[in-house]
Amino acid sequence: MERILVGLLLLAGWFSLSTCRQYHFVNQSSTWSEALTHCRQTYTDLASISSVDENNELKKTLNSAGHSSDVRIGLYNEVDWKWSDGFSSSGADYRNWYTSAYDPDFIGANQFCVNIYQNGLWLDTECSSKLPFVCYIGTRLAREFVFVNKSTDWRSAQKYCRESYTDLATVSTDAENKKINNLTNKTLAWIGLFRDKKFSWSDGSSFQFSSWDNVMNEIGSMRIICGATSVTRSVAWKFLSCEKKLPFVCYSLPPEAKQAMKMTIESEDSVGLNNPALKANILKKLQDRLEAKGVSGVSLEWTEQAGRKQAEGDKGG
């Protein structure tokens, strides 16, 4: 029986179910939330995109509508800055962004770490950039800063600070920021502020494909930024304020896109496959494997035929 179960799971790994999304341009200026409500009431959801082919389909939809400027899609990003040492008490929200340079500007949707610049101003930067860094030693209430003039990426700097001192520098006041700026002799240096690299689709589908535009995505003090794209920029993606009113693109899953897949398990021991617990376990493992491959919305159930047992899945999309 173990041999049969393993064979089923290996076979499940070869299945690929197309989403078959159909995109719909809505020429109605709306905030991201308003667009989301409309799409869910009228279609399925705001447009999500999981492949080059789907991005091209989106482009065809916009070209057919004769619309080339910005439109909303279902992409969003939560802006959750945090300190490397987990500091969250009074002063944790202190910031000194280089606002005249539009920082944090999240260029190319790839800047998740922060460095201190001339005059103590802060920039968001690609975490892979090589820079010297500032650690601290002591407690959060009694910090002593240490400048390490060794260029490395942010994660390596964090590791070094934790092994040699306490952590990367947490900055909670103007006085501390000035002290660090003097310590670095006004050169670029990593500090402990960062955020997780996480992007989401409004329909909850997994984020597997990206098509970023190499432009500034001004974050300011926003907690959430929302996605947009345009034919003018070759349907590359960027982020804007969720409150900015734009036309948008929804998607739907047409009935004809539903697929049924059948898997047959043959066993010399017919009694074993009649075990309800075993059948439930097989379905669960198959479901887990499909979800691990990014396939959601699949319903599995057993049907019985003479001399065989079958697991059937019906997917909308």
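1. Cys161 is buried, with a relative accessible area of 0%, where buried means under 20% relative accessible area, exposed over 50%, and partly exposed in between (1.4 Å probe, protein chains only). A disulfide, that is, a pair of cysteine sulfur atoms within 2.5 Å, joins Cys161 to Cys135 with an S to S distance of 2.0 Å. Cys135 also counts as buried, at 0% relative accessibility. The link is left-handed, with -75° about the S-S bond, and it connects distant parts of the chain, since Cys135 lies in strand β7 and Cys161 in helix α4 (residues 154-164), 26 residues apart. Helices (H or I, at least four residues) and strands (E, at least two) are DSSP runs, numbered from the N terminus.

2. This is a predicted model, in which local features need pLDDT of at least 70 and side-chain atom pairs count only at pLDDT 80 or more, while totals for chains, interfaces and linings use all residues. Residues are numbered from 1 along each chain as its sequence is written, and side-chain values use heavy atoms, with hydrogens and water left out.

3. A search of the whole structure finds four disulfides, and, with the bonded cysteines of the protein chain numbered in sequence order, their pairing is 1-8, 2-3, 4-5, 6-7. In one of them the sulfur atoms of Cys113 and Cys127 are 2.0 Å apart, and the torsion about the S-S bond is about 100°, so this disulfide is right-handed. Cys113 lies in strand β5 and Cys127 in the loop between β6 (122-125) and β7, so the pair ties together parts that are 14 residues apart in sequence. Cys113 is buried, with a relative accessible area of 2%, whereas Cys127 is partly exposed, at 24%.

4. Cys226 and Cys242 form another disulfide, with sulfur atoms 2.0 Å apart; its S-S torsion is about 90°, so the disulfide is right-handed. Cys226 lies in strand β12 (residues 224-229) and Cys242 in the loop between β13 and β14, 16 residues apart, and both cysteines are buried.

5. A nonpolar core is a set of buried Ala, Val, Leu, Ile, Met, Phe, Trp, Tyr and Cys residues joined through side-chain atoms within 4.5 Å. The largest one has 42 residues, of which Ile49, Leu62, Ile73, Trp83, Phe106, Trp122 and Val249 touch the most other members. Among the elements that each supply at least two residues of this core are β1 (22-30), α3 (52-65), β3 (71-78) and β14 (246-252). Domain 1 (22-78 + 198-252) and domain 2 (81-195) both give residues to this core, so it lies between them; the domain bounds come from an automatic or database domain assignment. A second, separate core of eleven residues includes Leu131, Phe133, Cys135 and Phe194.

6. The structure holds 22 aromatic pairs, where rings of Phe, Tyr and Trp (its six-membered ring) pair if their centres lie within 6.5 Å, and planes under 30 degrees apart count as stacked, over 60 as edge-to-face and the rest as tilted. The rings of Trp32 and Tyr76 have their centres 5.6 Å apart and their planes at 65°, so this pair is edge-to-face. Trp32 lies in helix α2 (residues 32-42) and Tyr76 in strand β3, 44 residues apart.

7. A charge sits over a ring if NZ of Lys or CZ of Arg is within 6 Å of the ring centre and within 35 degrees of the ring normal. The charged end of Arg143 sits over the ring of Tyr136, 5.9 Å from its centre, and that of Arg195 sits over the ring of Trp81, 5.4 Å from its centre.
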